[in-house]
Amino acid sequence: MTGQDWMEKDFYAALGVPKDADDAAIKKAYRKLARKYHPDQNQGDASAEAKFKEIGEAYAVLSDPKEREQYDAIRAMAGGGARFSAGPGGAGGAGFEDVFGGMFGGGGPGGTRVRYSTGGQGGGFEDILGSMFGGAGAQQFGGGPRPRAGADVAAATTLPFRQAVEGSTVTFTVDGRNVTTRIPPGVRDGQKIRLRGKGRPGMAGGPDGDLVVTVHVTPHPVFSLDGTNLRATVPVTFAEAALGATISVPTLDGTSVKVKVPAGTPSGRTLRVKGRGVQTAKATGDLLVTVQVAVPQKLSKAAREAVEAFAAETDGQDVRADLVRQAAE
């Protein structure tokens, strides 16, 4: 994306957030819009697909502090999105030279006006922005062109949870060329992957820029990622928790695994199933099963009598004794 592109696109408006929105607000807005316009939810809808790409592009820039700072600076210089004028008479009477002349000491009464070209031979608008944000000038003193690194390119992709766990191959279009890359297994929501040399080409022998991909992962109704581990919350009955049981727990690959719940297991305890998590080149994670004791909403007469009998047998046990003691410390 060029500096002129950044001037013409209002990423804040695309996400529906104010310019001073914090990272959390930007992420929340993106996730809401991504769910609404996701291609899986709008199959065959070209306008929804375009909107999905637009908000992905906006989030890729605004979620990166460095890129957001540069974007804000460029937009501020352009007055919020208007093109620079190559001469006097632009918005508010200030032209392209006036803006940059004021920044670098040119213009003003009695001063020497510094002129910058917006086209033709020599450095244009991109060269000036490149020098402002860390690039080198077009010419060295007394020499030929100075090597300049190519610009990084930001992109975003959204993966279903299963593809994020197992890894996926995605293709991006960068300046008219396709770049295909493998997203590694276990990628986290919001994680950035840098593809060296896949950005814009360098100048005068300088290195090519990078492609920085922000990956978003759609939530799963059962599983969540914890590093290379998978987490799942599994309901058990009071009898299973109190007396112990062997239960069947689903896994992400569609099979199930037997998990032993020891007698006296409290709600919230986590049991570990080795080797049933994320498989990467370096390690294989585990499946972490958190037990949740399910309380029945309705009881039959016999069940109620059984619970009442149990309550009578355990009368006098204060399960909150430790809580009261700790609160008084």
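Author: Before we speak of bridge partners, one definition: two strands count as paired if DSSP finds at least two bridges between them. Please also keep in mind that this is a predicted model.

Reader: Fine. Which residue in β5 is the bridge partner of Ala-155?

Author: That partner is Val-213. The two strands concerned, β1 and β5 (residues 211–217), run parallel to each other and are joined over 7 bridges.

Reader: And in what order do the strands of that sheet come?

Author: The order is β1-β5-β4, an open sheet of 3 strands with mixed pairing. From one strand to the next, the twist averages 25°.

Reader: Why is one side of β1 and of β4 left without a neighbour in the sheet?

Author: Because β1 (153–159) and β4 (192–195) are the edge strands and have a single partner strand each, one side of each has no neighbour in the sheet.

Reader: Which helix lies across those strands?

Author: That is α4 (residues 46–62), which lies across β1, β4 and β5 and runs at about 120° to β1.

Reader: Switching topic: how many strands are in the sheet with β10?

Author: There are 4 strands, arranged as β6-β7-β11-β10 in an open sheet whose pairing is mixed. Its edges are β6 (223–226) and β10 (270–273), each of which pairs on one side only. Neighbouring strands here are turned by 30° against each other on average, with direction ignored.

Reader: Do β10 and β11 pair in the parallel or antiparallel sense?

Author: They are antiparallel, with 4 bridges between β10 and β11 (residues 287–293). Within this pairing, Leu-271 stands opposite Val-289 of β11.

Conventions:
Residues are numbered from 1 along each chain as its sequence is written. This is a predicted model: local features need pLDDT of at least 70, side-chain atom pairs count only at pLDDT 80 or more; totals for chains, interfaces and linings use all residues. Side-chain values use heavy atoms; hydrogens and water are left out. Axes are lines fitted to C-alpha atoms, for helices over the stretch in contact, and angles run from 0 to 180 degrees between N-to-C directions. Contact means heavy atoms within 4.5 Å.
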